[in-house]
Amino acid sequence: MNPNDPDISAIEARLAAGRELDVEPSWRRLTEAIAERAAAEDLLDVAVERHDSPLGPLMLAATREGVVRLGFPEEEDGFLDELARLISGRVLRAPRPSLTDARHQLDEYFERGRTRFDVPLDWRLTRGFRREVLNVTSAIPYGKTLSYAEVAASAGSPRAWRAAGTALATNPLPILVPCHRVLRGTGKIGPYRGGTEVKRRLLSLEAGSGAEPQGA
Amino acid sequence: MLLRFCISQAGPDRGDDVFQETMISALRAYDTLKDPGAVRAWLFSIAARKAIDSHRAAARAPVPVEDVEIGTGGDPALEVGGEIWKDVARLPEKQRQAVGLRFIADLSHQEIAAVMGTSEAAARRNVFEGVRRLREDLTDAVR
């Protein structure tokens, strides 16, 4: 064998260098074309879009029934994987009319031009008592708040305020189902899926004055 | 990763189409996937089939291809990155797939066997033979 012949490990290293191949130029065009064809054939069980908001980029997902999940910026990584695991592997970044409506209404909400959301929701990611709690929560009017205990009571179990807290902490549809309107009994702001700071901002937005809510 | 594999199997131009066809087929056939944990191997096996379809379609309708300048010699050190994949494209079908799955998709021999529907030993052999043949090609090119 010629001593200048490339050896096996050198060839393997060059083959493995193919993993670094830059596919960015075609990636975007391809994923858009695939999403378009999938939408035309109604192949997607879940469509996902990213929406820029004053809170940062929000992740929105919708099934054929309606919006099923809203994620805060820190949830972007793994968002599609979570939906694939919980709902269906047929999930892609693609437009869907309910997502378009939700995005439009979120813009209006953040500009103080909307006090309630009118988009179809798919509640499949929550069930039982948690679903009850979120149901009650969805009826809390703009700018008003309830305590965990009050929400638990309205959901039929006055002493289950802890479970109510869990239900709100795992709300798959924050903002659209306004769990930020539920506070600790003491008037303290309490925890929030998107972080306490986000909860505070939503409450001050709804308070209209931009002022911090009492006891925050 | 799947897109890179498609390109490794069908070249940069047809690789894009192979990827698109793979994704659409996978979405259509998703209900037939029994084990969601095996989705990766399943996708690569669809891609491997689509790449073969693409090769056959291309063979039926030959079009003038650019001269890939193989065998012109030159300094192998200049032949960096993706150049070697032009040689991979000319490997026999099974070796081409196995080499792509091993080095682009970074699959284990066991996973390659699952994708290609062969024994693990056969998967190992396909990878090995493919790499051996590439070395011969390169050696010839250098001389």
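Visitor: Which residues does A:V67 touch, not counting residues up to four places away in sequence?

Guide: First, a word on the source: this is a predicted model, in which local features need pLDDT of at least 70 and side-chain atom pairs count only at pLDDT 80 or more, while totals for chains, interfaces and linings use all residues. Residues are numbered from 1 along each chain as its sequence is written, and chains are lettered from A and ligands numbered from 1 in the order in which they are written. Two residues are in contact if their C-beta atoms, placed from the backbone, lie within 7 Å. Leaving out residues up to four places away in sequence, A:V67 touches A:L60, A:A62, A:S98, A:L99, A:A102, A:V119, A:P120, A:L121, A:D122, A:L173 and A:L176.

Visitor: How many residues of strand β3 of chain A are buried?

Guide: Strands (E, at least two residues) and helices (H or I, at least four) are DSSP runs, numbered from the N terminus. A residue is buried if 20 or more other C-beta atoms lie within 10 Å of its own, exposed if 12 or fewer, and partly exposed in between. In β3(A), residues 67–71, five of five residues are buried.

Visitor: How many bridges join strand β2 of chain A to β3(A)?

Guide: Two strands pair if DSSP finds at least two bridges between them. Here β2(A), residues 56–62, and β3(A) run antiparallel and are joined by four bridges. A:L60 has A:L70 as its bridge partner. Four residues lie between the strands of this hairpin, where A:G66 takes a positive phi near 160°.

Visitor: Which residues touch the most other members of the largest nonpolar core?

Guide: A nonpolar core is a set of buried Ala, Val, Leu, Ile, Met, Phe, Trp, Tyr and Cys residues joined through C-beta atoms within 7 Å. The largest has 80 residues, and A:L60, A:A61, A:V67, A:A164, B:C6, B:F44 and B:A47 touch the most other members. Helix α1 of chain B, residues 2–29, gives the largest share, nine residues. The core lies between domain 1 (32–110) and domain 2 (128–207) of chain A, because both give residues to it; such domain bounds come from an automatic or database domain assignment.

Visitor: Why does B:R96 count as buried?

Guide: B:R96 counts as buried because it has 24 C-beta neighbours inside 10 Å. This residue is found in helix α4 of chain B, residues 93–104. The C-alpha atoms of B:R96 and B:Q9 are separated by 6.9 Å, although the two are 87 residues apart along the chain.
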